[in-house]
Amino acid sequence: MLDSIQALSQCVRQDLLPELKLESVAPHDPVVVHRVPSPWRCLGAGNYAAVFLHPDYPDQVVKVYAPGRPGIEAEVEVYRRLDDHPAFSRCYFSEAPFLLLKRLSGVTLYDCLHKGIAIPPQVIHDIDAALDYVRSRGLFPHDVHGRNVMQHEGRGLVVDVSDFLNAKPDRAWQDVKRAYWWIYRPLFLPLGLRVPYVLLDWVRAGYRLFRQLGGLGLR
Ligand SMILES: Nc1ncnc2c1ncn2[C@@H]1O[C@H](COP(=O)(O)OP(=O)(O)O)[C@@H](O)[C@H]1O
Ligand SMILES: [Mg+2]
């Protein structure tokens, strides 16, 4: 295992980083991946980083922070405090701008909505339990939304823990749950509806605006 982590980090330094082109165009939008050297594959991008897989190392992923995006040290510290728990990834190694993480197989709930993959209630319960565990480790669930949670074989996983040192109250997961029980479960789940990405992006932008207005006391 240690050998494979060393070999993978060497591969990241030599082959991935020199060829990779990442750009954070706007802090509230996902990082744009302009170029990925073969045979690496991009598994996803968030507002801070993009995540890559090398076919020779199917159990690990490489999370690379975009130039100018902060937070890598905080993410390492969160993984240290979370220790080993089945609902989360693990951090094997870090060296700015990248982290080597355990690969979580699964589909983000955001992609499930788009693809029409059913999200059973157990997934929501698992994530709730995982977030209780987060609090028990002196951390704060933060930024827990559809791109940061996944399901795999009917169980819920939390894929992004990078903001869990941030003690500022955050309602994101409460709001996801509310939408799940009031809209998704009664309507989308039984009808097997798919939601186009454009609509998901509108919801994301509308939600941010709604929260900003709320923060200003205009709600
Ligand atoms: N450990 C992992 N295993 C598999 N896919 C992952 C893993 N971590 C992240 N991803 C994918 O990469 C995307 C971006 O990663 P994320 O940690 O959310 O970045 P950011 O901190 O920029 O939001 C996720 O939405 C998910 O699709
Ligand atoms: Mg994320």
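The model is predicted. Helices α4 and α5 pack against each other with their axes 12 Å apart, and both give two or more residues to the lining of the second largest pocket. The backbone features are two cis peptide bonds, one from S38 to P39 and one from A96 to P97, and a positive phi at D143.

**Helix pair α4 and α5**

- Helix α4 spans residues 121-136 and helix α5 spans residues 172-191.
- The angle between α4 and α5 is about 165°; angles over 145 degrees count as roughly antiparallel, so the two helices are roughly antiparallel to each other.
- Their crossing is left-handed.
- On the α4 side, the contact is made by P121, I124, H125, I127, D128 and L131.
- On the α5 side, the residues that meet them are W173, K177, Y180, W181 and R185.
- By class, the residues of this contact are seven nonpolar, one polar and three charged.

**Second largest pocket**

- The volume of the second largest pocket is about 220 Å³.
- Its lining has 19 residues, and the closest to the pocket centre are L131, R135, P141, D170 and W173.
- Helices α4 and α5 are the elements that give two or more residues to this lining.
- The lining residues divide into nine nonpolar, two polar and eight charged.

**Cis peptide bonds**

- S38 and P39 are joined by a cis peptide bond with an omega of about 5°.
- P39 sits in the loop that runs between β2 (32-35) and β3 (41-45).
- P97 is in the loop between β6 (91-95) and β7 (98-102).

**Positive phi**

- D143 is a residue other than glycine with a positive phi, near 65°.
- The position of D143 is in the loop between α4 and β9 (149-152).

Definitions and conventions: Residues numbered from 1 in each chain as written. Chains lettered and ligands numbered in written order. Predicted model: local features only at pLDDT ≥ 70, side-chain atom pairs only at ≥ 80, totals over all residues. Heavy atoms only, no water. Axes fitted to C-alpha atoms, helices over the stretch in contact; angles between N-to-C directions. Helix = DSSP H or I, 4+ residues; strand = E, 2+ residues; numbered from the N terminus. Parallel < 35°, antiparallel > 145°, perpendicular 65-115°, else oblique. Left-handed = near helix turned anticlockwise from the far one by under 90°. Contact = heavy atoms within 4.5 Å. Nonpolar A, V, L, I, M, F, W, Y, C, P; charged D, E, K, R; others polar. 1 Å grid on protein atoms, 1.4 Å probe; cavity = no way out; pocket = protein on both sides within 12 Å on 5 of 7 lines; lining within 4 Å. Points joined across faces, edges and corners; volume = space filled by probe spheres on them.
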